[in-house]
Amino acid sequence: AVGKFSREQVLRMISETNGLFAVTQRDGFGFTAYGPKGVAYGRYLNPESYCGFGVKIPPFINAIQIEAGEIPQVVTALVIHGRTSTNKVVIENCHPFHSKGIHLAHNGVLRWVGDGPGPKAKNGCDTEEFFQWWLHRKTISKWAATNKHWSGYGVFGVIDSGAKRLTVAKCGSGNLYWSCDDKDNHLFSTSGHDVAHVARAAGISLVTKSVSVMPKTVTEFAIGGPRGVLLSNERWCGFADSVRDSAWD
């Protein structure tokens, strides 16, 4: 989500999304909430045990989690991710991955096809491999380079705190839906059904139905001001030959 949201709205959006993910995406749950005056994130191995950000969990609850920061009073970008694992189920593999001010979440499957050995992940997660490549690739044309280095599919949400940008990307295959309200708040989800539920929980009145985002697009928003603002929407080459995995369908 990108726009202008209060802390209370964001907490309700996270809670509602967790309620949906705890049923369908049981291998991990996480979020990053960014505002001009701060950033907070949480990663949770067991979605059903999430009781709210910053809530102290008693030892008799199975709650493996990592939290940091304080959710800002005004949030301009929010990325929430639920995980169905195609590799190891550990807290370290819960999205969003974060380092050096970059927070990246991905739904789908990726495989290195570039020259030489590919980037390594501590626990075998393909998204972490992509994240390590993303962090260490200095050129600004990272999306253009994916076709020569990666095979796969999926959708991405990337918050760059340094550049004050939110990027939403969709390759050729992968579900991604969009809707908005009359205040220019934009919501994206891999499920059109979920967009409506999360918006309703946060008191956001959508003025559009959920519609599918075009394949092979990269959309960027500026998030450092008083609200998130659309900067660009561009086509890109996507990935090399698609890799499908039935676990994601």
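In this predicted model, 65% of the chain's contacts with a separation of 6 or more are accounted for by residues 24 or more positions apart. The chain contains four helices and 14 strands. Its aromatic rings form 20 pairs across the whole structure.

**Overall dimensions**
- The radius of gyration of the chain is 17 Å, which agrees with the value near 18 Å that a compact globule of 249 residues would have.
- The C-alpha trace spans about 45 × 45 × 30 Å along its principal axes.

- Of the 249 residues in the chain, 51% are buried.

**Aromatic pairs**
- The search of the whole structure finds 20 aromatic pairs.
- In the pair of phenylalanine 31 and phenylalanine 53, the ring centres are 5.6 Å apart and the planes stand at 80 degrees, so the pair is edge-to-face; an angle over 60 degrees places a pair in that class.
- This pair links distant parts of the chain, 22 residues apart: phenylalanine 31 belongs to strand β2 (residues 29-35), whereas phenylalanine 53 lies in the loop between β3 (38-44) and β4 (65-69).
- Both phenylalanine 31 and phenylalanine 53 are buried.
- A cluster linked by ring pairs comprises Trp112, Phe130, Trp133, Trp134, Trp143, Trp150, Phe156, Trp236 and Phe239.

Notes
Residues numbered from 1 in each chain as written. Predicted model: local features only at pLDDT ≥ 70, side-chain atom pairs only at ≥ 80, totals over all residues. Heavy atoms only, no water. Helix = DSSP H or I, 4+ residues; strand = E, 2+ residues; numbered from the N terminus. Rg over C-alpha atoms; globule rule 2.2 N^0.38 Å. Buried < 20%, exposed > 50% of the residue type's maximum accessible area, 1.4 Å probe, protein only. Contact = heavy atoms within 4.5 Å. Phe/Tyr/Trp six-rings, centres within 6.5 Å; stacked < 30°, edge-to-face > 60°.
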